[in-house]
Amino acid sequence: MLSTIGQVPAAPGTSSHVPLVFQPVVPEFILAGTAIALLLWDAIRRDEDQAPLALAALAGIAAAAAYTVWLWFWVGKPGHPASVLGGMVAADKFALFIRLVLLGVAALGVILSYHYLDRAGEARGEYYPLLLFATAGMTLIAAADDLILVFLALETLSLSLYLMTGFSFRRLASAEASMKYFLLGAFSSAFFLYGIALAYGATGTTNLSGIAGKLSGQVSGLALALGAAGLLATGFGFKVAAVPFHMWTPDAYQGAPTCVTAFMSAGTKVAAFGAFLRVFNTAFSPLIWDWRPFVWGVAAVTMVVGSILAIAQTDVKRMLAYSSIAHAGFILVGVTAADKGIQGAMFYLVAYATMILGAFAVVMLVSVRGERNVSLVSYAGLARRSPFLAVAMALFLLSLAGIPPTAGFIAKVAVFSAAVQAGYWPLVLIAVIASVIAAFFYIRVIVLMYMQEPAESVELERTSVAQVSVAVPAALTLLFGVLPGLLFGVLKSASVIRF
Amino acid sequence: MLWSAVPPPGPIEDSGGFPWLTLVTFAPLAGAAIAAVFPSRLLKLHRVWALVVTLATFGLSLGMLAVYHGEGGFQLVERAVWVKALNFNYILGVDGISLFMVLLTTFLMPAAVLVSWRIEQQAKYYMVAFLILESAMIGSFVALDLLLFFLFFEALLFPMYLIIGGWGSERRVYAAVKFFLFTMAGSAFLLVSILFLYFRAGSDLGHTTFDFTQLQHLVLPVDTARWLFLGFFVAFAVKVPLFPLHTWLPDAHTEAPTAGSLILAAVLLKIGAYGLIRFNLGLFPEASQFFRTFVMVLAAIGIIYGAAVALIQTDVKRLVAYSSVSHLGFVVLGTFAFTLQGMSGGVLQMVNHGLSTGALFLLVGMLYDRTHTRDLGRMGGLGGTMPALAGVFLFVALSSVGLPGLNGFVGEFLVLLGTFIVSKPFAVAAVVAVVLAAIYLLWAYQRMMHGPVLNEEHRLLPDLSGREYAILVPIMAAILLVGVFPQPLLDRIEPAARQTTRCVIQTNQAAQPGQGVQLSSVCSEPPEGGVPIGDVARRP
């Protein structure tokens with residue numbers, strides 16, 4: 001991939017004679033357009049029922065997904081540019097793949113949210129537009145081919161998520177989580193912006209391929225560029241919740257409405273890792289030998305700290321938050337390995353999004369109105385009260401622990417094998433030890449569900465909408481575990497980041 | 001460059017079109033999937049269905065046995081591509097070693113279902129867990145692709161964990177978690193080692209692969225091979241279990257429900273021993289030789305320690321559990337003697353231990369169902385009220401002790417012979433344990449069955465029921481059959497044992513100090529008749 005460096009596209013200023021190609025960003029137009037339409041519609045309608053809004057949001061997501069599938073074949077054709085809008089937006093299968101995953105996450109997020117908000121009595125019209133804006137930010141960030149656009153997309157998704165985190169503002173924890181998330185998020189944005197400034201200072205451009213082109217010829221005076229890489233990595237580290245930038249995660253995940261937690265834990269991670277992979281494998285690929293050790297260290301610390309801190313948690317949402325931190329570490333193992341690791345990390349992202357969405361969906365259904373039953377104790381005897389939820393939760397937890405035949409197992413094998421191939425076997429050793437530590441707390445929940453008597457008998461609602469949001473991720477977790485070839489076949493072309 | 005030439009492919013025979021192994025492996029899983037559809041309140045249906053599925057699987061495995069012929073090498077091999085992009089393959093095959101492990105599994109599963117007949121609490125999940133477990137166990141024995149093996153190896157953890165933790169006795173959760181974490185920790189190292197081999201194949205053979213028979217052709221530096229050996233060894237030593245990694249076993253065995261103990265002892269422990277033979281010896285012959293004394297010492301400690309601790313147990317289930325530590329030490333001692341007798345005896349002893357100790361756990365479970373105690377001090381004189389049960393117990397205990405005419409004798413004798421050729425001190429240590437085994441089992445028998453009746457309620461206990469006869473009689477028949485007529489088994493075990501042993505010895509004879517060692521071409525060549533391998537190669 002290194003050999004293709006140097007295909008610097010026309011600078012933004014000279015692109016006036018090139019016809020503007022909008023196709024690759026049409027899905028974002030659809031998402032944002034739907035969001036705006038929904039806002040207006042909600043302002044004029046009198047009906048309290050939120051179902052039409054949710055359905056319209058789903059329709060928008062489906063349309064964006066359909067267009068993305070069409071784009072899949074569009075980008076493959078000869079003559080179509082690798083990058084459009086003056087080098088701002090990448091038109092490659094990597095972006096499309098990440099976008100499809102995110103749209104899936106968003107669709108499940110809408111279903112979960114409808115159920116949650118309806119039950120909590122907090123349904124307000126601005127929710128679905130916010131979710132759609134966040135999704136548009138997420139899908140755009142993975143396609144952004146310019147640091148400025150990366151930042152814009154990052155802010156779009158972050159601002160929407162801050163609001164969504166505080167959506168149950170009457171519950172103090174939600175308001176607090178939103179505040180913390182906002183403050184630390186703003187802090188990380190500052191890092192990110194500073195990183196962009198340094199990158200511009202070092203190379204005179206913010207275009208990813210432009211930066212790579214400048215850096216590849218340079219042999220000295222890389223201090224600025226290294227600083228830029230470090231600051232950008234820090235910014236991404238915040239978003240993916242890597243240690244030591246993870247402080248906001250447990251509080252935000254715990255305080256946010258569970259449907260938002262589900263959506264953002266899966267969505268933010270996929271989107272931020274998508275951008276992370278792209279920026280570091282294009283713009284900073286000439287510095288690969290400098291950033292690899294840094295990511296190596298962050299990955300190791302993240303896995304170990306995430307896994308160990310999760311043991312001490314008594315709240316399921318907090319436990320899953322630390323688990324998601326640990327998983328960021330496992331994905332970083334794939335990022336460190338680069339090359340084959342990209343494919344592994346992408347598989348991991350899909351597997352992770354599937355299982356964490358499913359796990360939080362179960363958490364949402366178990367915690368009744370007002371988020372009362374979120375402590376581990378409330379899982380005692382779940383197998384008796386709701387065999388379906390217990391089986392599904394066990395499946396997600398096993399997948400998170402990396403036990404076959406689940407997607408989590410194949411994902412771990414994929415990133416670990418890439419890292420071994422790159423010669424990072426000490427990192428893999430740390431990773432497997434962290435997996436064993438992590439297995440402990442996943443297993444503890446299964447113990448509670450299957451081996452203890454129910455503490456109190458709270459009736460669990462059984463609605464078909466909610467069942468779908470659990471059944472779909474469960475089916476996918478098994479499918480990708482048994483037939484991972486389906487996904488790897490797609491990833492073969494999608495894991496190539498063109499620049 | 002004697003070893004640089006790519007050796008001819010090993011004697012691998014495909015299945016001739018009919019996927020015997022796939023059927024045997026996945027029949028229980030399919031059964032579990034069907035059972036999952038039916039509502040849990042149909043208790044009887046779930047029991048009968050589980051029995052039907054396990055019996056059908058046993059029938060299929062008999063078909064597999066009929067197709068299998070006596071020569072060495074892998075037979076009934078099936079290959080398919082699983083994930084093309086990463087070169088993951090689906091490869092199954094059996095040789096004389098795995099053949100009997102599969103048969104042992106399928107033979108004992110109906111007994112496990114029958115002995116669980118009375119379980120009412122969540123019986124559906126119980127049976128489904130057992131069926132999934134059976135698939136994973138069979139899969140572990142027949143997988144010839146390392147990743148596939150690892151997948152089955154890990155997949156059997158969870159059902160077993162649920163069975164111990166969900167349906168065990170008082171300290172079941174502790175035992176289940178301990179079992180899970182020990183095994184999981186061991187297999188973590190296994191995964192890293194497997195991945196290392198996978199990429200080593202990528203650079204040495206030109207394509208990454210997990211295929212066991214291809215990985216045997218790798219040329220590894222001596223140090224690397226030794227580290228990898230340890231990576232594999234830890235995973236399997238936990239499972240076997242070898243001293244000092246055995247501490248999960250007494251807890252797991254004691255707390256598990258009867259059928260769980262049966263399967264743990266009879267099959268799960270064998271997967272560890274099988275892994276040592278198949279993968280450690282098969283992939284790292286030089287390292288095996290290097291660590292031989294180390295492993296034999298651990299095995300010998302396990303033999304004596306297990307027997308000595310069994311001697312002082314008052315909980316009869318714990319006693320049988322510790323006797324497993326001792327018996328599995330025998331298996332490992334025999335296989336690491338690297339003699340044909342030791343290896344054949346070790347494999348046969350794996351089958352024997354499955355039958356005898358499995359039956360002991362069944363009997364202890366039946367006793368517990370009646371007396372509600374496992375404490376030897378509270379039993380006594382039970383032989384008077386339950387003569388048939390006492391008789392069966394004595395029969396099985398004697399087979400476990402190694403009475404000539406029953407199965408234990410043949411295996412133990414071969415192991416002792418094979419060890420004696422190599423090292424007299426180890427053989428002496430093993431003989432001591434044979435004596436100890438006679439003491440602790442017969443003494444336990446005496447305390448339970450003879451003497452005055454300690455508890456008046458025990459006078460009213462019923463003797464064996466028809467269902468219990470149905471469980472025990474086939475196992476007793478097998479015990480007797482192997483005891484008086486072991487030749488059909490040995491005929492099939494021997495070629496595979498010969499090949500594995502030869503592979504270790506010849507590689508070491510050919511290896512030069514300090515050079516890379518080929519994961520031997522001799523390992524995958526057809527065995528020639530009459531090669532004298534009783535003599536032991538000295539490490540160069």
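This is a predicted model: local features need pLDDT of at least 70, side-chain atom pairs count only at pLDDT 80 or more; totals for chains, interfaces and linings use all residues.
Figure 1. The C-alpha trace of chain B spans about 80 × 55 × 40 Å along its principal axes. Its secondary structure consists of 21 helices and five strands. Of the 540 residues in chain B, 63% are buried. Among contacts in chain B with a separation of 6 or more, 80% are between residues 24 or more positions apart.

**Figure 2. Packing of helix H15 against helix H18 in chain B.** H15(B) covers residues 340–371 and H18(B) covers residues 407–422. Their axes come within 8 Å and cross at roughly 150 degrees. Because angles over 145 degrees count as roughly antiparallel, H15(B) is roughly antiparallel to H18(B). The crossing of the two helices is left-handed. On the H15(B) side, the contact residues include B:Gly342, B:Gly345, B:Gly346, B:Leu348, B:Asn352 and B:Leu355. On the H18(B) side, they include B:Gly408, B:Val410, B:Gly411, B:Glu412, B:Leu414 and B:Gly418. The residues of this contact divide into seven nonpolar, 13 polar and one charged. Gly is counted among the polar residues here.

**Figure 3. Packing of helix H10 against helix H14 in chain B.** H10(B) runs over residues 248–255 and H14(B) over residues 316–335. The two axes come within 9 Å, with a crossing angle of roughly 140 degrees, which makes H10(B) oblique to H14(B). This crossing is right-handed. H10(B) contributes B:Leu249, B:Pro250, B:His253 and B:Thr254 to the contact. H14(B) contributes B:Lys317, B:Arg318, B:Ala321, B:Tyr322, B:Ser324 and B:Val325. By class, the residues of the contact are five nonpolar, three polar and two charged.

**Figure 4. The side of chain B that touches chain A.** The contact between the chains takes 28 residues from chain B and 27 residues from chain A. In chain B, strand E2 (74–83), helix H5 (146–155), helix H6 (157–167) and helix H7 (172–204) each supply at least two residues of this side. H7(B) gives the most, with 14 residues. The residues on the chain B side divide into 23 nonpolar, two polar and three charged.

Technical notes:
Residues are numbered from 1 along each chain as its sequence is written. Chains are lettered from A and ligands numbered from 1 in the order in which they are written. Helices (H or I, at least four residues) and strands (E, at least two) are DSSP runs, numbered from the N terminus. A residue is buried if 20 or more other C-beta atoms lie within 10 Å of its own, exposed if 12 or fewer, and partly exposed in between; C-beta atoms are placed from the backbone. Two residues are in contact if their C-beta atoms, placed from the backbone, lie within 7 Å. Axes are lines fitted to C-alpha atoms, for helices over the stretch in contact, and angles run from 0 to 180 degrees between N-to-C directions. Angles under 35 degrees count as roughly parallel, over 145 as roughly antiparallel, 65 to 115 as roughly perpendicular and the rest as oblique. A crossing is left-handed if the near helix is turned anticlockwise from the far one by less than a right angle, and right-handed if clockwise.
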